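Here are a few notes to go with the model, written as numbered points. Have the coordinates open beside you as you read.

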Amino acid sequence: MFARRRKHFGTPADKATYATLHTASLASPHLREGLTPAAAGKASRHLRDLLGTAAIAICDSSGVLAWDGVGGAYESNHRRDARTLAGPTLRTGRTAVLGVHDVACGDPQCPIRTASVAPIVIEERVVAVLVAYSERSSAALVRATEEVARWVSGQVELAELNKERTRAMEAELRALRAQISPHFIYNALAAIASFVRTDPERARELLLEFADFSRYALRRGGEFTTLADELRNVERYLVLEQARFGERLTVSLQIAPEVLPVVVPFLVVQPLVENAVRHGLEGTTGVGRITIRARDQINEAEISVEDDGAGSDPEVIRAVLAGESASDSIGLGNVDARLRQVYGDAYGLVVETQVDAGTKVTFRIPKYSSGVHASP
């Protein structure tokens, strides 16, 4: 005997809470794009559903960004007049409650008779207003309009923070591109030139590697790439350095195939390898060994670059990562800053080093992270 399952969705309060949260979640992705006409237009229907009003408008100093709802035969007039009604709140930041004499039109059947106008504020600046139109006003509706406007303010502020983060990332990346060692470029071209007469075919191959390395490093693509592409460019760099150092530079790559598709910030491995070559090998006469590992750690990829060179004073490295030193540790602080910007402080560089004991730099990358996608 089978008992029929009863459909039970909780109490009316549970249902109302779920409906409100669900509606807010539908508006949120659009508002995270910033307060543009397109984003405001997509979010406006969901915001009206949150308030349960006849219509809403979102206005800024340029005019009406979005309108959603009904307004009878005079809807176009209501939409046109929204910016005028929003003006005082845009200037003062104070919520306004407008009555029939301010809002009503000539259509007796029109559901728009009153309006609540609340500011949308970012960093203490009124950037827009939310106008909620209804047949009659109430203290509850005014408070609800203010709360929705505050929530919109929070979402738009997050969008601004995301833009700032993106701009900071782009600036860091431009700085890193500019920091690609002129010393390395000169030495790579000198090494290629040394083969022009003795081994033209080798010189040609190295020149192609240099061209591919430069094309990748200076590309105008996005902020992210795959670990496979990043390591491929590291190999190009090492081919050029081995042409220069010959048998003095030995390289070991230990790469788990499972982590090759993982998306990583652009130019996040090569600067660490360049740092290992420069500080681990240059200035010495012996053989330098560099080991690059990429390991699968279930939900993360762990990447490390290790050299057996001269090492460094840990306090010097600490100062570099803290931005307190102008040391020439190429890209170390840059890479650390970008990793923390994207994934949080728990994902910065871990540097193990001592004078005369080599250096190992390790970082972790989540295999899946919201908003992180490789660019073609």
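1. Helices (H or I, at least four residues) and strands (E, at least two) are DSSP runs, numbered from the N terminus.

2. Some ground rules. This is a predicted model, where local features need pLDDT of at least 70 and side-chain atom pairs count only at pLDDT 80 or more, while totals for chains, interfaces and linings use all residues. Residues are numbered from 1 along each chain as its sequence is written, and side-chain values use heavy atoms, with hydrogens and water left out.

3. For the overall picture, the chain has eleven helices and twelve strands. Of its 376 residues, 44% count as buried (under 20% relative accessible area, with exposed over 50% and partly exposed in between; 1.4 Å probe, protein chains only). Among contacts between residues at least 6 apart in sequence, 66% join residues at least 24 apart.

4. Back to the two helices: α8 (residues 227–245) and α9 (residues 270–280) pack at an angle of about 20°, with their axes 9 Å apart. Axes are lines fitted to C-alpha atoms, for helices over the stretch in contact, and angles run from 0 to 180 degrees between N-to-C directions. That angle makes α8 roughly parallel to α9 (under 35 degrees; over 145 is roughly antiparallel, 65 to 115 roughly perpendicular and the rest oblique).

5. Next, the aromatic rings. The whole structure holds four aromatic pairs, meaning rings of Phe, Tyr and Trp (its six-membered ring) with centres within 6.5 Å; planes under 30 degrees apart count as stacked, over 60 as edge-to-face and the rest as tilted. For W67 and Y133 the ring centres are 5.2 Å apart and the planes lie at 50°, so this pair is tilted. Because W67 belongs to strand β2 (residues 63–69) and Y133 to strand β5 (residues 125–134), the pair ties together parts that are 66 residues apart in sequence. Both W67 and Y133 are buried.

6. Which rings have a charge over them? R202 lies over the face of F195, at 4.8 Å from the ring centre, and the charged end of R364 sits over the ring of Y347, 4.6 Å from its centre. The test asks for NZ of Lys or CZ of Arg within 6 Å of the ring centre and within 35 degrees of the ring normal.

7. Finally, have a look at S28 in helix α1 (residues 12–31). S28 counts as buried because its relative accessibility is 16%. Beyond its neighbours within four places in sequence, S28 is in contact with W151 and Q155.

Key. Contact means heavy atoms within 4.5 Å.
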